[in-house]
Amino acid sequence: MSLLLPPLPLLLLLAALAAPVTAATTYRPDWNRLSGLTRARVEVKAFVTQDIPFYHNLVMKHLPGADPELVLLGRRYEELERIPLSEMTREEINALVQELGFYRKAAPDAQVPSEYVWAPAKPPEETSDHADL
């Protein structure tokens, strides 16, 4: 007894045609989650494009595909802390940055008072560079 099977290319074509139908019926995106994600990205983008130029010593570095976060660096560029920003509103990010001690200028090209030149870091001490040895 032999079974007649269609040729292999025809089987592959049928499988390829059936795959999108089954995949579309099994995947259901969570639209509420996506809506919140869009809002968060808009809030962070508004902070980056409109507020960062007003802050002294605050620099934005774009990393494609990375979640937005505030990375605090020490005077020697060592990483001190990472704060995720994706769940925060623009107002919350502004409040956080000011609470951390970043100086907000009246205009992006305004002069920074001398007491805030090193802000939010403390100015370097007048002692030797090897005081920690």
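I began with H56, which lies in the loop between α2 (31-51) and β1, and I kept in mind throughout that I was reading a predicted model. Is H56 buried or exposed? I found that H56 has a relative accessible area of 16%, and because buried means under 20%, H56 counts as buried.

I then looked up what surrounds this histidine. Leaving aside residues up to four places away in sequence, H56 touches F102, Y103, K105, V112, Y116, V117 and A119.

Next I turned to β1, the strand of residues 69-73, in which L73 lies. I recorded L73 as partly exposed because its relative accessibility is 46%, a value that falls between the 20% and 50% cut-offs. Together with V71 and Y77, L73 makes a nonpolar surface patch of about 330 Å².

My last entry concerns helix α3, residues 90-99, where I listed the buried residues as I93, N94, L96 and V97. Why do they lie on the same side of α3? They cover an arc of only 160° around the axis, and this puts them on the same side of the helix. On the other side of α3 I found E91 and E99, which are exposed.

Notes: Residues are numbered from 1 along each chain as its sequence is written. This is a predicted model: local features need pLDDT of at least 70, side-chain atom pairs count only at pLDDT 80 or more; totals for chains, interfaces and linings use all residues. Side-chain values use heavy atoms; hydrogens and water are left out. Buried means under 20% relative accessible area, exposed over 50%, partly exposed in between (1.4 Å probe, protein chains only). Helices (H or I, at least four residues) and strands (E, at least two) are DSSP runs, numbered from the N terminus. The arc is that of the directions from the helix axis to the C-beta atoms. Patches are made of residues with over 30% relative accessible area and no salt bridge: like charges are joined within 9 Å, nonpolar side chains (Val, Leu, Ile, Met, Phe, Trp, Tyr) within 5 Å. Accessible areas come from the Shrake-Rupley method with a 1.4 Å probe; for residues, only the protein chains shown count as cover. A salt bridge is a side-chain nitrogen of Lys or Arg within 4 Å of a carboxyl oxygen of Asp or Glu. Contact means heavy atoms within 4.5 Å.
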